Amino acid sequence: MSRRDALPVPWEAAPGTFLLPIAHDRLDVAPLVRQALTAVDPAAVAVELPTTLAAAAEAAVARLPRISLIVSEEPDEDALVWVVAPGDPLAEALRWALEHGRRRFYVDPDVRYRERHRDPLPDPWAAWELGDEYLRLLAAAAGAGPGGEEDLLREAGMAHHLQGARREVGEGVILALLGAAHVRRVGERLAAPTAIPLARRQRQEVSVLHLHPESLSGLLLDPPLAHACWELLRGGELPATSELGAAVARRISLVRGGLRLFSRQTVEAPERRRRLVSWAARQAARQTQGGVLAPDRRRLASAVWEAGVANHDEHAREALAPWQRRVFFDFARRHARVQGLLVPGLFEWVVAARGVADDNFAWEVFSVARTYPWQEEEAELPTVRVDGDELDLGTRRVRFRRRFFRVKQRPVRVPVRERAETDDPLEWLAGFDGGLCSHPPEDVEVEGYGRYLQQKAISILSAERRRSQPFVAGMLDGLDIRETLRHWHDGQVWVEERGRVPGDAGSVVVIFDRDDEGSRYPFLMTWLGEHDQESDMAFYSTDPADQIVGPGIVRATYGGFLLTMPPGRLADVWQDPDYQGLGGKPEVLLAAAIDYSEEPIVVHVGRTPPAETLRRHAAAQGKRIVHIPLGSLSQGTLRKLRVVHLLAGRDKREIAERYVW
């Protein structure tokens, strides 16, 4: 199909009746719809929605920006389903008509539709570069075939209803929004008389439901944040600049012997979401060729990355490197191209985020991208939770099929774990009574890694003491293959003597961040092992008050920690006067590790080696510090180890698994 065969957009198929081809449910097309509405300024708007859903559609559009779900089913038929969101082209047209007092017509006959074929759809992001030309080419390509029997029946009904609307409106202009596959054939039928279609006039039950905010990411083809940005930009002005606020309304301070609450001037979660959308809308705003402001998905990706990185750094105290940003955008772009898309969306963003970091960062990206501040958990309508595959209507399950959507590109469930959240952290603090304990699965991981570091330190010392020599009288500890091959030309066989390390490894100190400023990791704690398989531990971390993750459960990130065995011996190293004035928190931990170690080897992990004064302090006690560079260890494992959860009593261990992430 050549460009000469493409229809003009909008196409005046009959005197005073203009047809506009659209791609259903795609936000990138909504700005073109608004552009056409402004240019044509019609007296009436017609949309490709079943006539039997007229009342429900009017009610759902009137309650925007709150997103609704229209559902109707008849016996032995697939359900009719429409997600009414701000970025839907049909919703935008009906909303414009409501705001300007124009008439609205629903022209799709409600006939039983069995055809289930997937029409290939070029990524609507191309409309940013092509403008109206995208709709012209889309209509030419989608409507090139003869059409199926049921399609032809529906199109005859659309033409009949448009002719009826033409008679009702009189001299005014009608702008009809139809799926791109139907525009040409419907336009051709308008030139001749049409018959009343044999279609259902009324349905037994049509429900308008309020969608739970957690369901938006599973039903919308575009990220909920993109719809929220369009909601702010569709008025034609950039939103006011605002700073992103903190999420916690209350802060806690954990002290020895109890827990103290105090207020902090912060931004509540709903206001934080509104500010995030306002900021993202400014970041992603771009003018179409017709001058309409709308969010560009490519620019929105940068906003999602920046906000996700900021949240991740606040929660995990882990800054992402520049190379991770490059890999994130490169992987997301390539992943999108493999699927035939020009620009990545929510699914690609989350997969890329998990690839360059971990599931925690993937969650932060997902949490930002699904932000939609107007969608509350409860409303005046019944609230439902649904995913991308099926609708849960209480007593019945309806298979989710987009009854009147020509594009069958169904959203994919995002592969990240749901995280419990609350807008009232104070409610989750009710269980604190001063007693604190750890989360056992994390204890097991830390203890296991401590033993691994001890073995690694022994291996390092053994390698230092290892020696090789030509075979003379004995094999010593075995054949040295490497040296034998190096001296093969001499005809010599080499043997090795493995180094014998006196004693074993004892205390282990791991320093993730020195925190020389003293502000990033203000929380200091010492606690004792609960049984003979668990070490005594001292650590410094972020303030647990900043991350309340469950009822009686808070989260922190280690800056450094000390492990020493056997348990039950470690005093509070942070209050011990012997360790005051040593220079910093890492020095306190290492000095205590030397003093409390019952073995001659002390393991130290950090970015830099320990100070010489501490080496002399260890030597004076007949001990030796073995330094392991932090960069030589698995960074993925270290990221997992840095997280610690503090529970308000052992009873919280029974529910902790639901809130720990």
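How do strand 8 and strand 13 (residues 383-384) pair, in the parallel or the antiparallel sense? They pair in the parallel sense, over two bridges. What you're looking at is a predicted model, in which local features need pLDDT of at least 70, side-chain atom pairs count only at pLDDT 80 or more, and totals for chains, interfaces and linings use all residues. Residues are numbered from 1 along each chain as its sequence is written, and side-chain values use heavy atoms, with hydrogens and water left out.

**The big picture**

- The protein has 20 helices and 25 strands; helices (H or I, at least four residues) and strands (E, at least two) are DSSP runs, numbered from the N terminus.
- Of its 661 residues, 54% count as buried. Here, buried means under 20% relative accessible area, exposed means over 50%, and partly exposed is in between (1.4 Å probe, protein chains only).
- Take the contacts between residues at least 6 apart in sequence: 75% of them join residues at least 24 apart. A contact means heavy atoms within 4.5 Å.
- The accessible surface comes to about 29,400 Å², and 49% of that belongs to carbon and sulfur atoms. Areas like this come from the Shrake-Rupley method with a 1.4 Å probe; for residues, only the protein chains shown count as cover.

- Strands of a sheet pair through backbone hydrogen bonds, either parallel or antiparallel. Two strands count as paired if DSSP finds at least two bridges between them.
- Strands 1 and 2 are antiparallel partners over three bridges, and Glu12 has Phe18 in strand 2 as its bridge partner.

- Strand 4 (residues 68-72) and strand 8 (residues 206-211) run antiparallel, joined by five bridges. Ser68 has His210 in strand 8 as its bridge partner.
- In strand 13, His210 stands opposite Thr383, while Leu211 stands opposite Val384.

- Asp28 sits in the loop between strand 2 (17-22) and helix 1 (30-40), and is buried at a relative accessible area of 5%.
- A polar atom of the Asp28 side chain lies 3.5 Å from the backbone nitrogen of Trp125.
- Not counting residues up to four places away in sequence, Asp28 touches Pro124, Trp125, Ala127, Trp128, Pro295 and Arg297.
- Asp25 lies in the loop between strand 2 and helix 1. Its phi is near 65°, a positive value in a residue other than glycine, and Asp25 counts as buried at 2% relative accessibility.
- Asp41, in the loop between helix 1 and strand 3, has a positive phi of about 50°. At 43% relative accessibility, Asp41 counts as partly exposed.

**Aromatic rings**

- The whole structure holds 14 aromatic pairs. Rings of Phe, Tyr and Trp (its six-membered ring) pair if their centres lie within 6.5 Å; planes under 30 degrees apart count as stacked, over 60 as edge-to-face and the rest as tilted.
- Trp363 and Phe366 form an edge-to-face pair, 5.7 Å centre to centre with 70° between the planes. Both are in helix 14 (residues 359-369), three residues apart, or about one turn of the helix, and both are buried.
- Phe512, Phe523, Trp527, Phe539, Tyr558 and Phe561 are linked into a cluster by ring pairs.

**Cis peptide bonds**

- The bond from Leu64 to Pro65 is cis, with omega near 15°; Pro65 is in the loop between helix 2 (54-62) and strand 4.
- Met565 and Pro566 are also joined by a cis peptide bond, with omega about -5°. Pro566 is in the loop between strand 22 (553-564) and helix 18 (585-596).

Note on methods
Polar contact = N/O pair within 3.5 Å; in protein donor to acceptor, adjacent residues only side chain to side chain.
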